[in-house]
Amino acid sequence: VRLASNHERLHAAGVELVAISVDDEVRQAGMARRWGLSPVRMVSDPDGARFLRPLELFDPVERGGIALPAMVGIGPDGTEFYRYRGRDFADRTNDDDLFTAVEALGLAPVDPPPHRPSVEVPADLGGFFRPEDFAAYFRGNLFGAQAIAGRLTDPDARAVALQHRDMAKATVDAWQEWRTRLG
Amino acid sequence: VRLGERTPVRELLDLRSSDGAIVAMLYRGDW
């Protein structure tokens, strides 16, 4: 959501966005519809064979095999210019590093067409994570991390808690901007 | 990684509609 809300900045820097998971295309199409993710091309890699395993960003144990939370940037010449791998499910870094790396490439802007799923979007989106729950989820993260940071005295541990707080705040902020656009 | 072979890098670049760069977000799914 954070990157989708910044897709214009990424496109202006010459970068296209894809999202990869083991979900099938129908599940991805439903999520993209619910979240208004048309600037992002959704890619299904059910067994991880195409992307996740070769990129060494696959957790074979959890839920029978899923993607590790990660971000990979590939330049037009095939050079990997950015890689971030989350330590756990809640570890999503701030995006400043990514934007710095992307804008340092000095590429011409791109204008990719909105992604349209090749499968039919499910009529009933009841089983999908609800956008209205998103802000509450990350606000909970924000205040929990803030409180824990206040209790910790070890500077390294405190830094981890504050980093998590900042991630949650950045995500809530991006969501509010995105929600405004969704209307 | 050598380009020209079917590598994940080549396959990622093939997902583009332009000659730009690509950023892949990997997520755990089941949202």
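Trp35(A), Phe129(A), Phe134(A), Tyr137(A), Phe138(A) and Trp175(A) come together as one aromatic cluster. This is a predicted model, in which local features need pLDDT of at least 70 and side-chain atom pairs count only at pLDDT 80 or more, while totals for chains, interfaces and linings use all residues. Residues are numbered from 1 along each chain as its sequence is written, chains are lettered from A and ligands numbered from 1 in the order in which they are written, and side-chain values use heavy atoms, with hydrogens and water left out.

**Aromatic pairs**

- Searching the whole structure turns up seven aromatic pairs over all chains; rings of Phe, Tyr and Trp (its six-membered ring) pair if their centres lie within 6.5 Å, and planes under 30 degrees apart count as stacked, over 60 as edge-to-face and the rest as tilted.
- Phe129(A) and Tyr137(A) make an edge-to-face pair, because their ring planes stand at 90 degrees, with the centres 6.0 Å apart.
- Phe129(A) is partly exposed at 26% relative accessibility, and Tyr137(A) is partly exposed at 36%; here buried means under 20% relative accessible area, exposed over 50%, and partly exposed in between (1.4 Å probe, protein chains only).
- Phe134(A) and Trp175(A) form a tilted pair, 5.2 Å centre to centre with 50 degrees between the planes.
- That pair ties together distant parts of the chain, since Phe134(A) sits in helix α5 (residues 131-151) of chain A and Trp175(A) in helix α6 (residues 155-182) of chain A, 41 residues apart.
- Helices (H or I, at least four residues) and strands (E, at least two) are DSSP runs, numbered from the N terminus.
- Phe134(A) is buried with a relative accessible area of 1%, and Trp175(A) is buried at 2%.

**Charges over rings**

- Arg9(A) lies over the face of Phe99(A), 4.1 Å from the ring centre; the rule is that NZ of Lys or CZ of Arg is within 6 Å of the ring centre and within 35 degrees of the ring normal.
- Arg27(A) does likewise with Phe128(A), at 3.9 Å from the ring centre.

- Five strands build an open sheet in the order β2(A)-β1(A)-β1(B)-β5(A)-β6(A), with mixed pairing; two strands pair if DSSP finds at least two bridges between them.
- β2 (40-44) and β6 (80-85) of chain A are at the edges, each with a single partner strand, so one side of each has no neighbour in the sheet.
- On average, neighbouring strands of this sheet are turned by 20 degrees against each other, direction ignored.
- Where the chains meet in the sheet, β1 (residues 15-21) of chain A and β1 (residues 21-26) of chain B pair in the parallel sense over six bridges.
- Ala19(A) stands opposite Met25(B) in β1(B).

**Helices on the sheet**

- Helix α3 (residues 25-35) of chain A packs on the sheet, touching β1 and β2 of chain A, and its direction makes about 155 degrees with that of β2(A).
- Helix α4 (residues 96-104) of chain A lies across β1, β5 (70-74) and β6 of chain A together with β1 of chain B, at about 175 degrees to β6(A).
- Axes are lines fitted to C-alpha atoms, for helices over the stretch in contact, and angles run from 0 to 180 degrees between N-to-C directions.
- Gln28(A) belongs to helix α3 of chain A and is buried, with a relative accessible area of 2%.
- Beyond its neighbours within four places in sequence, Gln28(A) is in contact (heavy atoms within 4.5 Å) with residues including Ala19(A), Met42(A), Ser44(A) and Tyr27(B).

**Nonpolar cores**

- The largest nonpolar core has 34 residues, and those with the most contacts inside it are Leu3(A), Met71(A), Val102(A) and Val23(B); such a core is a set of buried Ala, Val, Leu, Ile, Met, Phe, Trp, Tyr and Cys residues joined through side-chain atoms within 4.5 Å.
- Leaving aside neighbours within four places in sequence, Val102(A) is in contact with Leu10(A), Ala13(A), Val15(A), Phe81(A) and Val23(B).

**Positive phi**

- Most residues other than glycine have a negative phi.
- Glu56(A), not a glycine, has a positive phi near 60 degrees; Glu56(A) is in the loop between β2 and β3 (58-59) of chain A and is exposed at 63% relative accessibility.
- Arg63(A) also is not a glycine, yet has a positive phi of about 50 degrees; Arg63(A) is in the loop between β3 and β4 (66-67) of chain A and is partly exposed, with a relative accessible area of 45%.
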